[in-house]
Amino acid sequence: MLESKRERNKLLISVMLVIAIFMLLLGGYFVYRFYSSNKEEYVKLSEKSELDYKVCLKENNFYDDKCLDKNNQYVASLIDYIPAKFDYDLKFLGKSINFKYIYKVEARFNVIDKDNKRTLFTKKEVLYESEEKSVSNEAHIKYDLNIDYNKYNDLLSKFVTIYDLDETINDLNVYLKVNITDGNTLMEDITKDSVVSLSIPLTRKTVDVNIKAAEGISNTNVLIKDNENNTLNMVSAFVCVLISLMIIAYLIYYYLSTRTVLEIYQTRIKKITSTYDSYIQRISGNYPIGASQICKVVSFRDMLEIKDTSDKPLLMLENEAKTGTFFMIPVGEGVIYTYALRVEDIMAEQDGTNPPDYDITDFDIKEEKPKRKKKYTKEKIKEDIEKTTMLNIIDDKNAIKGTKDNDESLYDQLEKTATFKSIKDNYYFPDTKIKKKKKTTKNKNK
């Protein structure tokens, strides 16, 4: 059951970590899109405009056809209306761009002084305005209308008659205007004052009228800033990164809150040994030892200082179940400095029943690695420990009374001292069933 739960926890953490990494990469992609789309560049804009019109006449006794073709001269008094066909094509070259546009057809009536060319009267009228349209790369505009020539000519006659103006230049201009707005492209609004225009002279007299149409082909460079869903890119990047950070924060919390004490123990031991490997020498537990005074050290750093000042080996002794470790420095005179890191110590630390004597921040694996220290030989270590056998047995509950055989491990002896036994007796290890190996007595006859 416990192993199954651990496996599920590992699977959940792995899946969520993959999701967090994916969201982080996706956020990076949107950030890239955001910054790359803000670059300004020039793009060539190709335009082609055409205008076709006819002049339709009032009923008369002279012309057989109702409407006359363009590019002719016409009698003003016979003009009824002018049908016009506007045709305009726009295309971006070398780059596919999404954009929006609107267009309108506008008529402008002008009365201009013949001598100084100043405008005496003008009137503007919008004949048609389209809805906004979204396109990709190019736009095609076609619009047909009938221009009411007599409406504007009558307006001219009234104005000139009322104000007694004879020397004036009068015309009616009909324009097709196009305004390109931002779609996924941010550019200075390209407003074409006139992509196609028709100029119609107005007069009170019956004279020939010469109608002029402006059309043609042109290529221009336009400064644009690609803004394709820029706001969406920025928001998407923020959301993805935020989700990723939230998942990572939750994973850290989940991992820390669901770790077993054994996992915490293994992590801490690994950090100590990987950081201070050059200071530590591992030993097995079968050393005969005499009566010794056990001095519990508050932190592992204190052990390092004791090692440096005493010039004695820093020994690491782990039990067979891999659930506890003693770090020892036998300094002589029956004194052993000891720092313990065991499952029981971590459980006591979590319950707050025992002041923690281990601070994970003490061990920073990024710090400069210590210089390689001289390793002590097994003979030297055995000599330092066995010196304790020459001392008298002392009657102190925080001391090892000693043994001269190898049946009882040094680790077990250390755990019997008052300092460590009180914690050991009050806690059990719930993560797995630990079975102690039966003591075996060596057959001395072999």
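A: Begin with a single residue. Val 105 is buried, with a relative accessible area of 0%. The model is predicted, and the values discussed here are computed from it.

Q: Which strand holds Val 105, and which residues is Val 105 in contact with, leaving aside its neighbours within four places in sequence?

A: Val 105 belongs to strand β6. Its contacts beyond four places in sequence are Glu 125, Val 126, Leu 127, Tyr 128, Tyr 143, Leu 145, Val 174, Tyr 175 and Leu 176.

Q: How do strand β6 and strand β7 run relative to one another, parallel or antiparallel?

A: Strands β6 (residues 98-113) and β7 (residues 119-129) are antiparallel, and 9 bridges join them.

Q: What should I look at in the hairpin of β6 and β7?

A: Look at the connection. There are 5 residues between the strands, and Lys 117 has a positive phi near 65°. As background, most residues other than glycine have a negative phi.

Q: How do I read Ile 112 and Thr 119, buried or partly exposed?

A: The cut-off for buried is under 20% relative accessible area. Ile 112, in strand β6, has a relative accessible area of 19% and is therefore buried. Thr 119, in strand β7, is at 48% relative accessibility, so Thr 119 counts as partly exposed.

Q: What do Ile 112 and Thr 119 touch, not counting residues up to four places away in sequence?

A: Ile 112 touches Lys 117, Arg 118, Thr 119, Leu 120, Glu 167, Thr 168, Ile 169 and Asn 170. The C-alpha atoms of Ile 112 and Ile 169 are 5.0 Å apart, although the two are 57 residues apart in sequence. Thr 119 touches Val 111 and Ile 112. The C-alpha atoms of Thr 119 and Asn 170 are separated by 9.8 Å, and these residues are 51 places apart along the chain.

Q: Which strands pair with β20, and in which sense?

A: Read each pairing separately. Strand β17 (residues 292-296) pairs with β20 in the parallel sense over 4 bridges, and Ile 294 has Ile 336 of β20 as its bridge partner. Strand β19 (residues 324-332) pairs with β20 in the antiparallel sense over 8 bridges, with Ile 329 opposite Tyr 337 of β20. The hairpin of β19 and β20 has 2 residues between the strands, and Glu 333 takes a positive phi near 55° there.

Q: How many residues of β20 are buried?

A: In strand β20 (residues 335-342), 6 of the 8 residues are buried, so the strand is mostly covered.

Q: Where else is there a positive phi in a residue that is not a glycine?

A: Asn 71 has a positive phi of about 60° and sits in the loop between β3 (67-68) and β4 (73-75). At 59% relative accessibility, Asn 71 counts as exposed. Asp 311 has a phi near 55° and lies in the loop between α5 (300-310) and β18 (314-318). Its relative accessible area is 57%, so Asp 311 is exposed too.

Q: How do I describe two packed helices?

A: Two packed helices are described by the angle between their axes and the distance between the axes. Here, the axes of helix α4 (residues 261-275) and helix α6 (residues 343-351) come within 9 Å and cross at roughly 110°. That angle makes α4 roughly perpendicular to α6. The crossing is right-handed.

Q: Which residues make the contact of α4 with α6?

A: On α4 they are Val 261, Ile 264, Tyr 265 and Arg 268, and on α6 they are Val 343, Ile 346, Met 347, Glu 349 and Gln 350. Sorted by class, the contact has 6 nonpolar, 1 polar and 2 charged residues.

Q: What do the totals for the protein chain look like?

A: The protein chain has 9 helices and 21 strands. Of its 446 residues, 41% count as buried. Among contacts between residues at least 6 apart in sequence, 76% join residues at least 24 apart.

Terms used. Residues are numbered from 1 along each chain as its sequence is written. This is a predicted model: local features need pLDDT of at least 70, side-chain atom pairs count only at pLDDT 80 or more; totals for chains, interfaces and linings use all residues. Side-chain values use heavy atoms; hydrogens and water are left out. Axes are lines fitted to C-alpha atoms, for helices over the stretch in contact, and angles run from 0 to 180 degrees between N-to-C directions. Angles under 35 degrees count as roughly parallel, over 145 as roughly antiparallel, 65 to 115 as roughly perpendicular and the rest as oblique. A crossing is left-handed if the near helix is turned anticlockwise from the far one by less than a right angle, and right-handed if clockwise. Contact means heavy atoms within 4.5 Å. Ala, Val, Leu, Ile, Met, Phe, Trp, Tyr, Cys and Pro count as nonpolar, Asp, Glu, Lys and Arg as charged, and the others, Gly among them, as polar. Two strands pair if DSSP finds at least two bridges between them. Buried means under 20% relative accessible area, exposed over 50%, partly exposed in between (1.4 Å probe, protein chains only).
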